[in-house]
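Trainee: I would like to learn how to read the features of a model one at a time. Where do we start?

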Amino acid sequence: MIHGRQWISRLICMMAAAAFVSASCLASDAGSYPTPTSAFFVNDFADVIDQADQAAMQQAGEQLYNNTQAQVVVATVETLDGQEIREYGIGLSRAWKIGDSAGNDNRGVLLLFALQERQVDIEISTGLEGDITDGRTGRLLDEYAIPDFREDRFSTGLRKTYEQLIALVSTVCENGSLPEEEDNTPTARAALLVIAGVIALAVFLILIRRH
């Protein structure tokens with residue numbers, strides 16, 4: 001039979017053990033991501049960005065931050081260590097506190113590239129996700145990153161994409177929003193053609209009836 005004091009002692013020990021395990025897990029999670037470089041805006045751990053592109057991106061990132069307090073960060077890693085790239089990007093953004101600097105309304109962007117998996121992702125913080133949507137970032141990657149990545153021109157593709165992100169974030173910070181983006185997807189174009197055809201047919205029928 002366990003007496004009251006013994007039960008309390010065991011309960012305290014169990015709580016302490018649980019707290020230790022939780023702290024260990026958190027430390028392990030935090031330790032699974034690399035530490036950002038002193039440059040912060042450009043972190044080329046996979047060594048795929050040439051010096052000229054790195055300098056250009058660093059300058060653009062610093063200028064945007066000085067003007068708006070928003071942060072656009074690029075990171076390349078050798079591998080995702082089995083994680084999904086989006087999961088890794090969210091974790092890295094939180095670990096580095098991208099967009100969490102004082103007074104910037106949580107406006108941050110992470111451009112992430114994993115060399116071994118040949119995957120790229122853009123993570124947008126809550127202060128910008130209303131304007132810079134997944135659809136917009138997906139089209140941006142398709143247009144500016146993927147064509148160069150297919151030819152192993154990772155540095156060029158990252159620089160082009162980074163420049164576009166800088167432009168988008170700058171516009172949001174200066175104007176409060178982005179202009180409506182025209183939908184040029186095949187589905188949208190097909191729908192417009194169908195609508196145009198229906199209108200043309202209706203006009204044709206009206207003209208015939210008048211005659």
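Trainee: Which residues form one aromatic cluster here?

Mentor: The cluster consists of Phe40, Phe41 and Tyr65. Before going on, note that this is a predicted model, in which local features need pLDDT of at least 70 and side-chain atom pairs count only at pLDDT 80 or more, while totals for chains, interfaces and linings use all residues. Residues are numbered from 1 along each chain as its sequence is written, and side-chain values use heavy atoms, with hydrogens and water left out.

Trainee: How many aromatic pairs does a search of the whole structure find?

Mentor: A pair of aromatic rings is described by the distance of the centres and the angle of the planes. The search finds seven pairs (rings of Phe, Tyr and Trp, the last by its six-membered ring, with centres within 6.5 Å; planes under 30 degrees apart are stacked, over 60 edge-to-face, the rest tilted). One of them joins Phe40 and Phe41 edge-to-face, at 5.7 Å centre to centre with 75 degrees between the planes. Phe40 is buried at 17% relative accessible area, and Phe41 is buried at 7% (buried is under 20% relative accessible area, exposed over 50%, partly exposed in between, with a 1.4 Å probe and protein chains only). Phe113 and Phe149 form a tilted pair, 5.0 Å centre to centre and 45 degrees between the planes. This pair links distant parts of the chain, with Phe113 in strand 3 and Phe149 in helix 4, 36 residues apart. Both Phe113 and Phe149 are buried.

Trainee: You name strands and helices by number. How many helices and strands does the protein have?

Mentor: There are six helices and four strands (DSSP runs numbered from the N terminus: helices H or I of at least four residues, strands E of at least two). Their order from the N terminus is α-β-α-β-α-β-β-α-α-α.

Trainee: What order do the four strands take in the sheet?

Mentor: Strands of a sheet pair through backbone hydrogen bonds, either parallel or antiparallel. In this open sheet the order is 1-2-3-4, and the pairing is mixed (two strands pair if DSSP finds at least two bridges between them). Strand 1 (42-44) and strand 4 (119-124) have a single partner each, so one side of each of these edge strands has no neighbour in the sheet. On average, neighbouring strands are turned by 10 degrees against each other, direction ignored. Strand 1 and strand 2 (residues 71-77) run parallel and are joined by three bridges, with Val42 partnered by Val74 in strand 2. Strand 3 and strand 4 run antiparallel with six bridges, and Phe113 has Val120 of strand 4 as its bridge partner. As for burial, five of the six residues of strand 4 are buried.

Trainee: Which residues does Val77 touch?

Mentor: Val77, found in strand 2, is buried at 4% relative accessible area. Leaving aside residues up to four places away in sequence, Val77 touches Phe45, Ala46, Tyr88, Leu112, Phe113, Ala114 and Leu115 (contact means heavy atoms within 4.5 Å). Ala46 is 31 residues from Val77 in sequence, yet the C-alpha atoms are 4.8 Å apart.

Trainee: At what angle do the axes of helix 2 and helix 5 cross?

Mentor: Two packed helices are described by the angle between their axes and the distance between the axes. The axes of helix 2 (residues 51-68) and helix 5 (residues 154-175) come within 10 Å and cross at roughly 10 degrees (axes are lines fitted to C-alpha atoms, for helices over the stretch in contact; angles run from 0 to 180 degrees between N-to-C directions). Helix 2 is therefore roughly parallel to helix 5 (under 35 degrees is roughly parallel, over 145 roughly antiparallel, 65 to 115 roughly perpendicular, the rest oblique). Contact residues include Met57, Ala60 and Leu64 of helix 2 and Leu158, Tyr162 and Ile166 of helix 5.

Trainee: Where does Asp47, with its positive phi, lie?

Mentor: Most residues other than glycine have a negative phi, and most peptide bonds are trans. Asp47 has phi near 55 degrees and lies in the loop between strand 1 and helix 2, where Asp47 is exposed at 65% relative accessible area. Asp81 also has a positive phi, near 55 degrees, in the loop between strand 2 and helix 3 (85-96). Asp81 counts as exposed at 59% relative accessibility.
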